Amino acid sequence: MDFSNERFSDYLQLLCDAATPWWKTHAFMDEIDEATWFEFELDSKTQNEPEQLGKKPEEITLRVLKAIDDYDCEKILIVGSPGAGKSTLLSRLLWQAAQKAQEDETAPIPVLVELKLYGEAGIWGLIQTALEDRDLYLEISDIKHLVEHRQLLLLADGFNELPNDRARTEFRKFCGRNISVIVTSRDGMADLGLARKLQLQPLADAKVKAFLQSRLLGHAQRQIEQLGDRVKDLGQTPLMVWMLFSIFQQNGEIPSTRGEAYRAFTTLYAERAKEGIDLDESRFLLSKLAFELMHNQELGEIDAQNLLGSEKALDHLVRNHLLQAPGTLGKRMIRFCHQSLQEYYAAEYLLMQNISDAKLKRDYPNLLKWTEPLAIMLSLVNEKDAVRVVELALEVDWMVGARLAGEVKQEFQEQTVAKVGVLKVPEWLKMELLGETRSKFAVSRIKQYKDFESGFSYLEALAKIDDTKVIEYFLQKFNDVNLFQASSIEQYLIQNFNSKIAEEMISKLESHSSTIRHRAITILTKTDSRLLCQEVESLSKHSDSEIRYDSIKILAYCNDIVSTRVILQLLEDDDLNVQIAAVQALGDLNDQDFANRTLLNILNQAQHHNLKLAAAGTLGKRGNREGLSILLNALDDNCSEVREFAIVALGESAHPDAVIALIPLLESEEFSNDAAMSLIRIGRATSSEILIDYLDDLPLKSRKTILYILGRINDGPALIKLLSESYSTDHTMRMYIATKLGYFRKNTKAHERLLELLHDQNDDVCRYAWLGIKEVNSVSLFREVANSQEIDYKLFKFLATLELKGETPEELVDKIFRNAADSNTAIQLLQEFQGLSEQSNTSGDLESIVEKLGKIKDDRAAHILPNLITLIPTDSGEAALNAIAAIQTNCQFYNYDLFRSDPVPEQTIPGQPIYNFNAPVGIVNAEGTVIHGGQTGINSRNNHLRD
């Protein structure tokens, strides 16, 4: 078969045509005729690996499309809250990838699959069906050929919607293949182990309000502000923006809670259906289906008909776009068009139920999948029921209880937050729990801990809460916080940017502190660059030369006609550093011809060496030979400052010709670090082969430096070659090589070297080799380590076992966990395998153990949850909390003892109160106490659809 991209031309064209506009693929209604998501540039957070062991990963924020483009060689997991735009994002990526494959013969063929359709045929059958839906008919063997030769890009939507554990295990195994894959999932799901994780961020307040202003022309600004504020209250996602916009546009109403928003939106949704339907009856039937799907995840057509009482009822709902039923008639699988709608309808069904305390605790707050429906339900119930449900949830788990405390109607939150505030927990945890409520009633309580020293800053707890009081407080603290705290404040002010913040940031651009100025510039460049550019001309004339210097960064960012004029004025500034910065800013101008002419004039006429070198360096970055030649000659200048400037400029030029001139400087005590950094820049921009060519003629010190450079460039083949060199006898170099080899997940030679280094005579090298193997994260490599008879370190076998995803040699798993009588036994085994003495009680050792517990896959560490909770009051409490959260995510429940308890029967239990959230006031009585129902459910008086 022909596997060239030309063979798939019809398929690719169909994708491009069908996805125009691409966003409609996952629209709720045929009547939607304009994009909303596209108008928001979604941001994502990710972490880059630290350059040194022991350092924290660098957290960066990128536009999500740019992040995907930057990490296109990696496997990517995209996670986000309900309605964050994950499915729509994949539709856009499918469209982009199809266009790229049409233009580039080497680009992979994209296919988008919905994981909730995963069936007996597995992932291969799912891919085959997705292709056939686009009229591309391939045998499974052909699809496997595409996968094996990396000719397929798999876009997999909804890891959290896979129907069962078998499907999740199979899909994880599939993702371990050498395949390009981008997967979406909800927050709170177990990690897939993919190389790159992108966390979708909430929409910025300013972007939401700008969208509403552009779409609601003629409406009062006060109404638009109220609507934008409500988006912040209910969830800053594209789905919530669309829902509130649709409701307001239709009837001028602004719902107060998420539950009310879903109820109003689904009413509009049903009213727009092509056939008239009874709203109360359809809501009841949909709630019944949603409740069943929450329990069983899969619901076939026949079972759905039986549940509703008739075939006619189901067909009516499907025809009117309230449900989807893919497949052949009689064998169709029933699903909602969006998981958020299923969760809303499940919440409505909960409102109709009589539920005892015991059953409520065991079957709902304790299961992660019910957290979202419970949150929606709590926004619809009355005060007494809301407070009681939050109390029960806090008994299940502090975190889920705190989350739900902030989901009740705002007029009830003072009481529910108070329930969190009186918990008998350490102060650092109290701060975190109060932040988790995201309620304005938690602000004053959190601020009480402002002097409390903890790894978890009280500022980070406040940063979870959208409230004007928090904004005011952060603006007051803006000048006083340290670097660690500043990141929380900056991100918060960016997320909640408004005219008040803008005014404050503009005033700080003239601060005497460069740190304060730079923070203000960072916030303004990420929010309102137009406002920043308006101020830049006055800043460029400021009496303080440092402020004029900073203004150039803004000018380069604005890059308009005014910017160009001001940059030219600053070339005549009295301060040399300002002049140099202005010269370098010329390199960022869009008009390259003008910039080159100006730089050449400076090169020929400048009197000061460094000004001339700045022009040469800027020209060198643009590939100009004259500029490069001047920089190379400057390496022999008598002035050390000139030589240093030239070294740095050559690195920025990233020109291969600079390598031969820079390598001898690696022996220089004065310039070796500058030369190394410049060589790193050149190697990253060109090829490390340039550096390897010079190795044989270098002295030992320079060889070691080149090794360091190759590691920073992350060149696997080069590092492997260096292992056989004579200077690899230095164990510190072997340690460094071992950790870097782990970054090359697909290089079998790198894996072989890592296995060899596990036998190294130096214990530290062995340990670093293990870190490299963990970084590779390969099932086959872990099995090779775990099964090896030659490795003497039990730690390696044990840790390798923990890292496997369901393919662990069973005898090792049994020995470590399945035969552990209790949590303490498991902890003792961990101590034994790590070579720790039974008397070791240091917090560092214990934290190391706890961290490993949190990394155990699936539910194998669930039984240790009670033991970890006992560690909360200790010095290892924060590490224990992180491990608890990771284990809960893996096993999908919160409380181990509750999960293991016997099921609670449906019928009434004597002596326990029964909740009927839907009952009229006075209907339900429990032990003499009247439970006031929310009267929000839908009763089923109308049965005409069941006939």
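What is the mean pLDDT of the protein chain? The mean pLDDT, the predictor's confidence in each residue from 0 to 100, is 76, and 74% of the residues reach 70 or more. This is a predicted model, in which local features need pLDDT of at least 70 and side-chain atom pairs count only at pLDDT 80 or more, while totals for chains, interfaces and linings use all residues. Residues are numbered from 1 along each chain as its sequence is written, and side-chain values use heavy atoms, with hydrogens and water left out.

Two stretches are listed below with their contacts (heavy atoms within 4.5 Å).

| Residues | pLDDT | Contacts beyond four places in sequence |
|---|---|---|
| 20–38 | under 50 | 49 contacts |
| 789–825 | under 50 | 87 contacts |

Where pLDDT is low, the predicted coordinates should not be read in detail.

**The chain as a whole**

The protein chain contains 50 helices and 11 strands. Helices (H or I, at least four residues) and strands (E, at least two) are DSSP runs, numbered from the N terminus. Of its 947 residues, 55% are buried; buried means under 20% relative accessible area, exposed over 50%, and partly exposed in between, with a 1.4 Å probe and protein chains only. The chain exposes about 42100 Å², of which carbon and sulfur atoms supply 45%; accessible areas come from the Shrake-Rupley method with a 1.4 Å probe, and for residues only the protein chains shown count as cover. Among contacts between residues at least 6 apart in sequence, 66% join residues at least 24 apart.

**Nonpolar cores**

A nonpolar core is a set of buried Ala, Val, Leu, Ile, Met, Phe, Trp, Tyr and Cys residues joined through side-chain atoms within 4.5 Å. The largest has 253 residues, and those touching the most other members are Leu115, Ile123, Ile127, Leu154, Phe171, Val183 and Leu493. Helix H9 (residues 238–251) gives the most to this core, with 9 residues. A second, separate core of 15 residues includes Met735, Ala750, Val765 and Tyr768.

Leu115 has contacts that, leaving aside residues up to four places away in sequence, include Ile123, Ala156, Phe171 and Val183.

Strand E5 (residues 152–157) is largely enclosed by the rest of the structure, because 6 of its 6 residues are buried. Leu152, Leu154 and Ala156 point one way from E5, while Leu153, Leu155 and Asp157 point the other way. Strands count as paired if DSSP finds at least two bridges between them. Strand E4 (residues 109–114) runs parallel to E5 and is joined to it by 6 bridges, with Ile109 opposite Leu152. Strand E6 (residues 180–186) also pairs with E5 in the parallel sense, over 4 bridges; there, Val183 is the bridge partner of Ala156.

**Helix H19**

In helix H19 (residues 413–421), the residues Gln413, Thr416, Val417, Val420 and Gly421 are buried. Seen down the helix axis, the buried residues of H19 fall within an arc of 150°, so they line one face of the helix; the arc is that of the directions from the axis to the C-beta atoms. Their cover includes helices H17 (383–396), H18 (398–405), H20 (427–437) and H21 (443–447).

**A loop residue**

Asp657 lies in the loop between helix H34 (640–653) and helix H35 (659–662). Asp657 counts as partly exposed because its relative accessibility is 35%. Beyond four places in sequence, Asp657 touches Arg625, Leu628 and Leu632.
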